[in-house]
Amino acid sequence: MLDDITEKINSILPQTQCGKCDFSGCKPYAKAIAEGKADINQCPPGGKTGILKIAQLLNVEYKPLNERHGVIKPREIAIIEENECIGCTLCILACPVDAILGASKSMHTVISDECTGCELCIEPCPVDCIKMEPLNVEDSESIENKRASLARSRYEFKQQRILRERNNTKANRVTTAEKKQAIANAMARLKKK
Ligand code: SF4
Ligand code: SF4
Ligand code: SF4
């Protein structure tokens, strides 16, 4: 039941994955609303329409955006001044939807169709070579929905990858511990001999 409501709220949220709601992404915020741990008016990218839809879904009263979380503004995308990029890869780590291409010590670039405009790559860039620029097109609802659906799957894919990498690191740690134990056992056997 709670999962159902979380899913329904998440499908209303814009999938910008910016964290302005004070949660690490749209789904955690959706879950917090479903559990009654967050208010319905904490998502600036979702705007008034998003709040209205959530209020209708939950049968609660509409309330304006809580501006502590930001302001409603037109959609933007990130652009990298490629000549200035030093290839540090920090922006890749920060991007919640893997919308930046590049490798260590080489120029980086943003895949504009996949950028959600979350702004999370701006602050980590040590040479300030990422700028936000307005998206100069008025998207229809169906284009917005397609964009949100792509962002949602790319966000979930990245989350799963991070989890896998963490588990692999843990598994490697166990192997190292096991190796240490094997060496200790061998040393003990040697001593006995
Ligand atoms: S778009 Fe940003 S503020 Fe809105 S729910 Fe998603 S992460 Fe939170
Ligand atoms: S490129 Fe920057 S602004 Fe665009 S989605 Fe990635 S982190 Fe967000
Ligand atoms: S954070 Fe800035 S300098 Fe580093 S790779 Fe990204 S764009 Fe280039």
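I looked up where α1 meets α2 in this predicted model: L2, I5, T6, I9 and N10 in α1 are in contact with C26, K27, A30, K31, I33 and A34 in α2. Contact requires C-beta atoms, placed from the backbone, within 7 Å; helices are DSSP runs (H or I, at least four residues), numbered from the N terminus. By class, I found 7 nonpolar, 2 polar and 2 charged residues in this contact. Ala, Val, Leu, Ile, Met, Phe, Trp, Tyr, Cys and Pro count as nonpolar, Asp, Glu, Lys and Arg as charged, and the others, Gly among them, as polar.

I then turned to the geometry. α1 covers residues 2-12 and α2 residues 26-34; they pack at an angle of about 130 degrees, with axes 8 Å apart. Axes are lines fitted to C-alpha atoms over the stretch in contact, and angles run from 0 to 180 degrees between N-to-C directions. The two helices are therefore oblique to each other (under 35 degrees is roughly parallel, over 145 roughly antiparallel, 65 to 115 roughly perpendicular, the rest oblique).

I next listed the ligand shells, taking a residue as near if its C-beta atom, placed from the backbone, lies within 6 Å.

Ligand 1 has 15 residues around it, of which T16, C18, C21, C26 and C43 come nearest. I recorded 9 nonpolar, 5 polar and 1 charged in that shell.

Around ligand 2 I found 14 residues, with A78, C95, C115, C118 and C121 nearest.

For ligand 3, C85, C88, C91, H108 and C125 come nearest among 15 residues. That shell holds 11 nonpolar, 4 polar and no charged residues.

Residues are numbered from 1 along each chain as its sequence is written. Chains are lettered from A and ligands numbered from 1 in the order in which they are written.

How values were computed. This is a predicted model: local features need pLDDT of at least 70, side-chain atom pairs count only at pLDDT 80 or more; totals for chains, interfaces and linings use all residues. Two residues are in contact if their C-beta atoms, placed from the backbone, lie within 7 Å.
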